[in-house]
Amino acid sequence: MPDLIETVPRQLLIGGEWVDAAGGATFEVTNPADDEVLTRIADGAPADGERALAAAAAAQKEWAATEPRTRGEILRSAFELLTERADDFARLMTLEMGKTLAEAKGEVAYGAEFFRWFSEEAVRIHGRYSPAPAGNTRLITMKAPVGPTLMITPWNFPLAMGTRKIGPAIAAGCTMVVKPAHETPLTMLALAALMEEVGLPPGVLNVVTTTDSGGVCEPIIRDPRLRKLTFTGSTAVGKVLVAQASEQLLRVSMELGGNAPFIVFGDADLDAAVDGAMLAKMRNIGEACTSANRFLVHSSVAEEFAGRFAERMGALTVGDGTEEGVDVGPLITEKARAGVHELVEDAVSAGATALVGGKVPEGPGHFYPPTVLVDVPESARVFREEIFGPVAPITTFDSEAEAIERANDTEYGLVAYVFSRGHARVLRVSEALEFGMVGVNTGIVSNPAAPFGGVKHSGFGREGGFEGIEEYLETKYVGSAL
């Protein structure tokens, strides 16, 4: 779709101006379905990051003083325009990331909802007033925007991971510099252009695309003008960024890796469990931090669950996400596909059996078939490492205590899934699981109205829900004597 690609800006957005990168460097954006070059865009340098931060810092005071209703109306207008242009944004995401058009349209609806949600939260920022216990002082708390924020977004959800950060920042009165992933920068550039259309003032949102993420971001993080860092990506990179952020004692939000257990108890509704497994595993081709990574199934139902799950997985059609009838698009890069297959080979060599899939297809594109592994030993890497692909390893358990212990046996703690008809069991297990989110009898937990985030090595901070805007607000206390 060259016409669609031509509508996307290919420069950096700094201080309300679309500008070339320092030195004029550019890089290619390719389609993972065939490795064809979609376009070339500006390849930002450290000097561009500094310019973007300067623009955000210059705009902060005036933006913070803007009426909450005005900020909310900008977000509401962005929600409406994004919804109106859903087909174009979906196709753009499919071209640069690979997911099917149907799934991309779902992401547009999900991503746009963050703008609608936070448009409503902008006017609900409030403090409190109370007498001190001794009675001679009044205690007043008020909220203020944190200030200029660096947002580093991933390639797997090019729109929603941006709106989930941009929405609350705008609502709270923070300016920002956004550094999208170099694999999928076009969606963010198109979104930035849309934000201009709906009246977001110059300098509030700045976008720097680059292949040198560390070189551009580290000087920004170490600059005293920056007051917050938010990152979605791998735990390894997140640890580096947190260390860098400590120099300026930045407010930090980290949404990092996952190793989600999908627990099926013997009393589960197997129809619902298989449906949930398809959602939890195959959403976004398995390239999601919330993707079910380990399937723990009670031994009494394991064989039936695995057979039904494998049948559903094997019936999926793999191909170019823009084509009719395709269920599963390509993985993002050849390196990603090789990593997924390496995990499968390791499991098979250790004794696992592939009920379906497990073979690298021939031909162009980074395709990998939906794969179900059974008899997977606990020592297999596939149970320890984040798969980020359409591979489902299954193992069995015999007791509730065993399921909980094995589910918690990971450094990660983003999300867990539990399938059971027992209300008391659901409560017991949910409380015992060491994860920031638990999906009960559902394969999807993400919702703009809910606080998204993890514990342990999956990060800290929450995005979405009532809690999401607090990440962009400071609390100020005023003590007034009578």
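This note covers aromatic pairs and charges over rings in a predicted model.

1. Basis. Local features need pLDDT of at least 70 and side-chain atom pairs count only at pLDDT 80 or more, while totals for chains, interfaces and linings use all residues. Side-chain values use heavy atoms, without hydrogens and water, and residues are numbered from 1 along each chain as its sequence is written.

2. Count. There are 11 aromatic pairs in the structure. Rings of Phe, Tyr and Trp (its six-membered ring) pair if their centres lie within 6.5 Å; planes under 30 degrees apart count as stacked, over 60 as edge-to-face and the rest as tilted.

3. Tyr110 and Phe114. This pair is edge-to-face, at 5.1 Å centre to centre with 70° between the planes. The two residues are 4 apart in helix 5 (residues 101–121), so about one helical turn separates them. Helices here are DSSP runs (H or I, at least four residues), as are strands (E, at least two), numbered from the N terminus. Tyr110 and Phe114 are both buried (under 20% relative accessible area, 1.4 Å probe, protein chains only).

4. Phe265 and Phe397. Ring centres lie 5.4 Å apart and the planes meet at 80°, so this pair is edge-to-face. It links distant parts of the chain, 132 residues apart. Phe265 is in the loop between strand 12 (260–264) and helix 10 (270–282); Phe397 is in strand 16 (residues 391–397). Phe265 is buried, at 1% relative accessible area. Phe397 is buried, also with a value of 1%.

5. Cluster. Phe262, Phe295, Phe305, Phe309, Tyr417 and Phe419 make up one aromatic cluster.

6. Charges over rings. The criterion is NZ of Lys or CZ of Arg within 6 Å of the ring centre and within 35 degrees of the ring normal. Arg283 lies over the face of Tyr110, 5.4 Å from the ring centre. The charged end of Lys228 sits over the Tyr472 ring, 4.9 Å from its centre.

Methods:
Buried means under 20% relative accessible area, exposed over 50%, partly exposed in between (1.4 Å probe, protein chains only).
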